[in-house]
Amino acid sequence: MRKVMLSLAAVPVIVGSMGVAASAAEEIVLLDGMKMSGEIRPRYEMADVKDNGLDTANAFTARTRLAVEGTLLGLEGLTAKVGMTSVNNFGYNDYAPQDATYDLILDPQQAILTEGYLAYTAADTTLLAGRSFVNLDDQRFVGTVGWRQMERAYDTVTLSNGSIEGLSLMASWIYGYQGVNANPTTDTGSLLLHATYSAGKALSVTGFGYMLADIHDTYGLRVSGDIALDGVTLNYAASYAKQSDASLTYALDDAPEIDAAYYDIALGANISGLIVGAEYEVLGDAESNSTKGFTTPLATLHKFQGWADVFLGRTSGSNNDGLADLSGTLGYAAAGFGKVLGVYHKFDALSGADKDLGSEFDVLYANSVPGVKDLAFLAKAAFYSKGDTGNDVTKVWAQLDYKFSTK
């Protein structure tokens, strides 16, 4: 069993606070059952926005991650974890924000503490305090943006409970977050409430309330599941949410008036490796006398509205005219072969003069690297064609991803 030992003579404050009398030769276990984990993810990315006056961007970056966790001070139920993430660009700066003459690739050089928390578990209840990654459901409302080399990390105090079979409850107070774009920590005072009841793989029901300080309140319901038939697995998901004025206001004397709705319906199937699916997602426009449509500023937005990320600003900040996204998916996955996937999107605004927001075709291939344990390869591309306004966008990625952990 891996242990980190600490001399009592070196930590008189800790010893004194615990009321322990010991000689200088004695030792205590700082971290018991220690586990280390890490990741190395080199990537090439190209971004080309047509007719915007900027040069095509090319980025060669790598994400390096290392974390250690274990039982703290030998106290049953008390665990600690510390993790660092670093993003380096190999000295190649042909992309914004490194150089403003190029198109934007949101992977600047930076290194931050991405995990640093204490967690105490008793029976079926866990209290966690500190910095950690928070991904809820499909990450439509709260996520870490794990696709970017630097993920978003959240500073929280989180209480979770699973004492009732099938029911998971969580309440989380977010007091800060940082990452993704090298911004310093964003201070906040937001509340996440989340409850999920699972009746097996076929049915999962989630209710949530996300009160983001000085932004908005979002309350909603999500239903999802997988149904296994003879040689076929069907999957479905349906979500509805309503957004209103922020109930937690600190910095704003007059918060924006918000009255907007969201709904999403997705159906899919895996037929002996053949993947098919269709989805219709709507982020509503500003209703009644409100001044802002539906937005999801803490989402993993790269997962939604196409991989070209054309609508990041619209769906996270300003969305008065709403957005409807009708998409279809076709692919194939098998052991050894890997996974190939194509996705087509058609975008439309719900109101406003320019309702045709264009279309996009995305393609992906992913597979493990033969003969190298825990090493994966991924290549993908996004081709966005403008509608009534905007610019055509092409993006291409190729990456390796090596993950490791000790037992």
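Here is a short tour of nonpolar residues in this model, from the surface to the cores.

The model is predicted, so local features need pLDDT of at least 70 and side-chain atom pairs count only at pLDDT 80 or more, while totals for chains, interfaces and linings use all residues. Residues are numbered from 1 along each chain as its sequence is written, and side-chain values use heavy atoms, without hydrogens and water.

**Stop 1: the surface.** Select Leu 127, Val 157, Leu 159, Trp 173, Tyr 175 and Tyr 250, which form a nonpolar patch with about 570 Å² of accessible area together. Strands S7 (153-161) and S8 (167-179) each give two or more residues to this patch. Strands here are DSSP E runs of at least two residues, numbered from the N terminus. Now pick Leu 127, in strand S6 (residues 125-132).

**Stop 2: the largest core.** Next, colour Leu 136, Phe 141, Val 142, Tyr 154, Leu 192, Tyr 210 and Phe 294, the residues with the most contacts inside the largest nonpolar core, which has 18 residues. Such a core is a set of buried Ala, Val, Leu, Ile, Met, Phe, Trp, Tyr and Cys residues joined through side-chain atoms within 4.5 Å; buried means under 20% relative accessible area (1.4 Å probe, protein chains only). Another core, of 17 residues, lies apart from it and includes Val 343 and Leu 364.

**Stop 3: Leu 378.** Finish in strand S18 (residues 375-385), where Leu 378 sits. Leu 378 counts as buried because its relative accessibility is 16%. Its C-alpha atom is separated by 11 Å from that of Tyr 44, 334 residues apart along the chain.

Methods: Patch = residues over 30% accessible without salt bridge, like charges linked within 9 Å, V, L, I, M, F, W, Y side chains within 5 Å. Areas by Shrake-Rupley, 256 points an atom, 1.4 Å probe, with all protein chains shown as cover. Salt bridge = Lys/Arg side-chain N within 4 Å of Asp/Glu carboxyl O. Helix = DSSP H or I, 4+ residues; strand = E, 2+ residues; numbered from the N terminus. Buried < 20%, exposed > 50% of the residue type's maximum accessible area, 1.4 Å probe, protein only.
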